[in-house]
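This briefing covers how the chains of one model are divided and where they touch. The sequence and structure come first, and the notes follow by topic.

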Amino acid sequence: MVESIVSTGLAIGCIYALIGITYNVMFSASRVFSFTAGTLGMLGGVLGSLFIARMGMPVAVGFLLALAGGAVLGIVTEIVAVRPVLKSLDQHLYVLSTLALALMIQQFTAIEWSTEPQPFPRLFDIARGGFDQQYWLPMLACAVVIVGLELLYRHTLIGRAFLAIAEDTYAARALGLPERGLRLASFALAGVIGALAGFAGGEMLLAFFANAPMLTFYGFVPVALGGMGNNRGAVVAGLLLGLFQQAANFLVGGIFASVAVFTVFIIVLMACPEGLAGAALQRRV
Amino acid sequence: MMDTPAARLRPGRADVQASTSTIGAALPFLALLLLGVTFPLFGGGYWGVIATRACVYWVLVSGLNLVVGFAGQIAIGWVALLTLGAYTTSVLAAGNVMPELPPYLALAIAAVAGAAFGLIIGLPALRLRTFYFAITTVGFATIVTQVALAWQSVTGGGVGVPGPIFPEPFSSQWGFYYFCFSLAVICTWMTANVAASRFGRALTAIRDAEVAAEACGIAKPALLATVFLFSGAVAAMAGGLFAALQSYITPDAFTLDLSILFFIAILIGGRGSILGPLLATILLTALPEFAAPLVAWSTFLYAALLLVIVLAAPGGIAEILDFKNRRPLESNRAIIPRPDLVGRLLSAPVDAGALTLEQVALSFGGVHAIDGLDLEIRRGQVHGLIGPNGSGKTTALNVISGYYVQERGAVKLNGAALPLFARHRRAHMRIARTFQTPRVVGSASVLENVMIGGTIDGKGTFVESLLSLPRHRRDEAKLRDTAMLALAAVGLERLARVRVDRLQHSELRFTEIARALMLHPAFLLLDEPAAGLSADEIGRLAALLAAIAKTGTGVLLVEHHADLIFDICQHVTVLNLGRVLATGTPAEIRSHREVVHAYLGG
Amino acid sequence: MSMTRRQALASAGAAAIAAGLSKPAIAAKPPILIGYLPALTGPSSSTGVGINRGTQLAVQEINAAGGVDGRQIELITRDTQSDPTKAVNAAAELTHGQKVSVVLGPLNSGESLAVVPLLARTNTPQVHPCWVDSLADPKKYPMCFRNGPTNQQIGAAANRYVVEVLKRNKVAVISDTTGYGTASVKTYVPMLKAKGADVVYEGNVDAANPDLKPELLRMRSAGAEAIMPWSVNAGFLSRIINTRGQMQWDVPIVGQTTLGSGQTKALLDKPEYWEKVYPNNFRPVCYAANGKLPDRTNAFLDRIRSAKIDMTDTLLWWIALGYDSPWMIAETMKSAGTEPEQVVGYLNKLKGYPGVYGDISFTPDEHNGYPDDEIVMVEANSLKDGAFNLAPGYGV
């Protein structure tokens with residue numbers, strides 16, 4: 001029982017953490033939280049199942065296409081739902097535009113793909129049992145993304161440019177950084193990360209349109225608890241969330257587990273609105 | 001009629017204008033009322049079900065409108081209250097847990113439960129950012145459904161419970177339709193009353209100009225709590241009606257799609273409007289019924305509509321129907337204040353005293369924004385505060401008005417220290433201010449924006465406004481009269497009914513001053529009011545400010561325009577790097593060597 | 001295949017015009033409107049999809065043979081999408097708007113729980129096959145008839161098989177969170193306890209839950225010797241079977257007929273996982289001890305094959321049930337008339353109506369029409385041409 005809790009908990013925690021990172025990457029580029037993060041995760045699984053299981057493509061091809069699909073959705077999000085809204089005075093419109101876009105994609109998937117969870121193909125032809133690929137794939141994906149982002153932000157020019165527009169848009173613009181292009185690239189990157197989360201977690205979560213709202217919520221918890229824009233915090237919080245949720249699942253069962261997770265989340269959030277590691281809110285007059 | 005100064009101003013005309021525009025505003029509602037009352041005559045049995053459902057949805061949406069449309073809170077998961085209300089009413093009426101209760105009593109109890117739960121769901125709004133709050137409401141919606149599934153002994157779990165059946169004459173299809181319709185009409189009336197009250201305006205102020213709302217004395221927590229209570233009660237009542245309409249409820253009837261429908265109806269209808277969300281609710285309820293394939297795609301269509309509205313017409317249906325505000329404005333408008341009216345506006349005497357800062361210091365990080373500042377603002381004087389950028393002028397003003405808390409020193413009014421962390425209490429002490437960038441409610445009219453300034457002078461409670469009781473109506477009349485007088489004093493009365501987002505920058509500045517004057521301030525703090533004004537306008541502003549000071553108000557004028565400062569100030573303080581460089585009469589300052597050297601040039 | 005309202009109107013219109021043109025002297029008779037509430041999409045659509053194939057075939061045959069007294073049957077279909085709310089809306093539309101004579105369905109208990117009281121209030125005769133016990137009550141719903149088994153009947157057969165034949169005393173009962181699943185668990189657990197069995201696990205799980213390992217692990221640590229799932233959701237059932245296989249846990253799975261459906265089979269990771277799975281089924285559509293099907297069933301299979309109806313992803317009994325219902329209604333209307341009292345009066349005296357799926361009988365005090373002794377347990381992986389062998393050890 002314990003080993004099941006740990007393996008499932010860490011694996012699903014990594015998926016939640018990756019969605020949290022997706023939120024963070026989009027937030028860093030635009031100061032906007034997008035409702036499409038969970039939808040990206042869902043599409044990673046659905047596209048993977050569509051290309052590999054239903055259309056019979058080889059795993060590597062299906063994988064790359066799924067990631068490409070995520071990038072496309074990320075770019076569409078920026079162009080359609082974020083860019084037009086950033087210009088307006090009412091900042092809160094982004095919540096509505098990204099919500100609308102996410103809903104449209106979810107409903108379209110439900111109607112065209114299926115309203116029922118569909119199986120996700122087994123990626124590597126290894127026998128089941130023990131530390132199965134459905135557990136280590138998400139963990140591997142999470143590790144790759146974290147290391148990759150570190151390298152990107154610290155050792156490449158474009159990565160440092162991303163950090164610059166996240167820190168101070170005006171200064172970055174003054175330095176001549178192409179703010180719009182960088183934001184677009186950030187959203188594409190976020191799309192790839194989200195799709196990767198869904199693809200790696202496909203066998204655990206199945207290809208199901210309703211994963212979108214589920215990941216939207218559970219993927220946001222690491223962001224809220226770990227601090228906005230804080231990727232390391234997101235990973236820690238994501239893993240803790242996964243373990244807590246699975247422990248509750250295995251010990252008391254599904255319904256009570258979700259009630260428990262949510263209650264703890266709201267209590268912690270009310271106590272520390274900036275997250276467990278966040279900084280105090282600055283006044284803005 | 002009370003003999004207020006404003007009542008003597010232009011008797012009759014404002015009233016006539018107000019009454020014609022009120023009739024114009026009421027016309028669509030009356031049309032809908034007529035349509036609804038006569039519906040059974042031409043609508044068949046099936047459309048009766050749809051119409052009843054639209055009424056039930058509107059009961060919920062009317063309350064949610066105050067939360068989302070007026071207060072601007074992104075409460076996406078309000079279906080939680082529909083679920084709560086539906087199950088509470090059904091379980092109490094069916095007698096699962098305790099002896100059967102009459103359906104009306106069950107409905108009333110559900111409303112009370114809904115009020116409490118609405119408050120619980122809403123509380124996070126006071127602590128959390130917009131997006132975070134939105135996510136928590138979604139979580140609440142999921143939780144309530146899960147509880148309904150799990151608590152089988154009470155709710156029947158997946159099996160569900162039969163809905164309540166209301167007794168004669170509401171048990172037949174059309175009887176029940178009229179029941180729901182009447183409740184919908186009452187909710188429309190109540191929320192329209194709130195919209196036209198100081199509470200409704202205060203909500204829009206919190207939504208669009210929270211900082212300014214605080215300066216006007218609006219206490220966000222109390223107001224939001226009130227609105228969540230009302231909205232929760234009404235939503236739970238809608239749940240009871242929903243259960244009766246469905247005749248049988250199961251947890252899967254309460255989907256997130258339904259919650260999205262409610263939320264989107266308000267956004268498509270237009271925030272800050274009653275008619276818009278009403279039309280949108282009817283539209284969104286009826287739309288899927290026109291073609292069977294549409295039913296499956298309904299949520300997709302709602303979302304697409306929402307996206308279109310957000311990108312193309314953020315004001316929604318209300319904005320599209322706002323013909324009044326498409327009429328072109330005069331192109332060469334001039335702002336002609338009437339300083340002579342200021343005396344009538346600020347005629348109420350206030351006790352004497354001074355506003356002082358004693359050795360106030362505040363740093364941001366390593367930067368000393370203000371470093372040992374002494375300042376005394378006397379009643380009846382215009383006190384100028386000048387200095388280069390970054391010298392701490394705005395910081396000082398923000399400390400006085402309570403937005404920043406000083407690290408050392410004291411801010412005193414009449415010798416008593418001002419309470420820390422109580423921004424909205426400043427208004428009660430008659431300390432009013434304007435802002436460096438005008439903070440106004442763009443979608444409201446100039447008059448409504450100015451009336452926001454007088455919110456704390458209202459005596460009626462929320463319930464009195466809800467039911468349009470006499471004290472509410474007296475408040476409104478007095479507030480409107482005073483606001484019109486203030487607008488006349490600053491020279492904007494011809495633009496009273498115009499949407500503020502159509503105004504020029506200079507007009508916004510004068511609007512803010514009018515709003516500040518509504519507090520009959522003992523002290524008026526102005527943050528660069530002349531920025532962006534033409535030379536003529538600065539001259540008129542000077543006359544206005546001088547008149548304000550003459551009535552006994554202490555004016556603190558933070559400015560860059562040296563001419564304005566030296567023209568009307570009795571006393572000037574010069575700041576540099578957070579410290580007082582010089583203080584004295586304008587003549588003394590103008591010849592002060594260091595000031596000239598550091599700031600004035602020459 | 002569902003007909004939209006426009007298609008239905010168009011076809012009725014076309015039929016009327018055709019009749020008018022070809023036989024100008026004889027007035028065309030109006031069609032008989034029958035409302036039909038299957039769940040063709042959604043989590044519980046396996047029943048609807050299967051039953052619908054039989055229903056469509058039956059209506060085509062009836063109309064091709066001249067209809068009922070020269071009147072064509074017009075089936076007005078409304079997909080409930082497995083959603084009780086949509087079922088209520090649709091039922092309201094069928095009765096108030098379309099003014100149908102009879103309603104067939106809903107086909108899932110969750111939807112029927114909401115619709116049966118509603119149709120009773122509108123005095124519309126209703127025939128449905130749903131299993132939850134409370135869905136037929138001659139006093140509360142005098143116009144509602146059930147032409148399928150009840151949960152009591154099904155549970156008796158299944159529980160008897162687990163406790164007396166397989167001799168497993170510690171039982172885990174699991175279902176989804178639909179009305180059908182919840183009611184089933186609530187009914188079967190006391191029945192098992194009354195038989196002296198020890199129910200070590202009982203749970204309702206969201207059918208869409210992708211990971212059932214926590215539930216099965218809890219069953220195993222509680223000492224369960226048999227798993228009894230009650231759901232019509234093929235995905236959910238396949239996940240239970242797959243998890244049992246992955247855990248290499250050797251216990252029998254005994255439960256709902258859908259365990260044996262082609263849809264469930266298609267979702268299994270390995271074909272051998274389908275061993276030791278014993279769903280219930282119905283004698284007329286199962287191979288007898290001599291390996292033969294009843295003549296009636298064979299004839300029906302021929303008709304299905306010539307109509308090119310696919311059986312591989314569903315269950316034969318659903319198609320048969322779907323086929324029997326319109327024919328039973330047609331015979332009722334031919335004999336007694338189309339008015340509600342006539343239909344109800346005739347059904348109240350129905351004795352041994354020879355359906356492919358079973359012999360249906362009603363009395364004024366008994367609106368559950370399916371006979372006890374035709375409910376059997378079968379072996380899932382013996383599926384061949386749509387029919388099953390009886391489960392091992394299964395006596396009469």
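**Domains and interfaces**

The centres of domain 1 of chain C and domain 2 of chain C, taken over C-alpha atoms, are separated by 30 Å. The model is predicted: local features need pLDDT of at least 70, side-chain atom pairs count only at pLDDT 80 or more, and totals for chains, interfaces and linings use all residues. Residues are numbered from 1 along each chain as its sequence is written, while chains are lettered from A and ligands numbered from 1 in the order in which they are written.

**Domains of chain C**

- Chain C is divided into domain 1 (5-149 + 300-374) and domain 2 (152-283 + 376-389); domain bounds come from an automatic or database domain assignment.
- Domain 1 of chain C puts 24 residues into the contact and domain 2 of chain C puts in 25 residues, where two residues are in contact if their C-beta atoms, placed from the backbone, lie within 7 Å.
- On the side of domain 1 of chain C that touches domain 2 of chain C, two or more residues each come from α2 (45-64), α4 and α11 (316-336) of chain C. Helices (H or I, at least four residues) and strands (E, at least two) are DSSP runs, numbered from the N terminus.
- The largest share of that side, three residues, is from α4(C).
- By class, the side of domain 1 of chain C that touches domain 2 of chain C has eleven nonpolar, nine polar and four charged residues. Here Ala, Val, Leu, Ile, Met, Phe, Trp, Tyr, Cys and Pro count as nonpolar, Asp, Glu, Lys and Arg as charged, and the others, Gly among them, as polar.

**Chain B and its domains**

- Chain B contains 26 helices and twelve strands.
- The C-alpha atoms of chain B fill a box of roughly 85 × 55 × 45 Å along the principal axes.
- Of the 602 residues of chain B, 55% are buried, that is, 20 or more other C-beta atoms, placed from the backbone, lie within 10 Å of the residue's own.
- In chain B, 77% of the contacts between residues at least 6 apart in sequence join residues at least 24 apart.
- Chain B is split into domain 1 (45-324) and domain 2 (339-600), with 41 Å between their centres, taken over C-alpha atoms.
- Contact between these domains involves 23 residues of domain 1 of chain B and 29 residues of domain 2 of chain B.
- On the domain 1 side of this contact, α7 (173-195), α8 (198-208) and α9 (210-215) of chain B give two or more residues each, and α8(B) gives the most, with seven residues.
- The residues on that side divide into twelve nonpolar, seven polar and four charged.

**Contacts between chains**

- Chain B contributes 37 residues and chain A 30 residues to their contact.
- At least two residues each of the chain B side come from α5 (130-150), α11 (256-269) and α14 (298-312) of chain B; the largest share, 14 residues, is from α5(B).
- The side of chain B that touches chain A has 28 nonpolar, eight polar and one charged residues.
- Elsewhere, 22 residues of chain C are in contact with 18 residues of chain B.
- α3 (84-98), α4 (109-121) and α6 (179-194) of chain C give two or more residues each to the side of chain C that touches chain B, and α3(C) gives the most, with seven residues.
- That side of chain C has eight nonpolar, eleven polar and three charged residues.

Conventions
A residue is buried if 20 or more other C-beta atoms lie within 10 Å of its own, exposed if 12 or fewer, and partly exposed in between; C-beta atoms are placed from the backbone.
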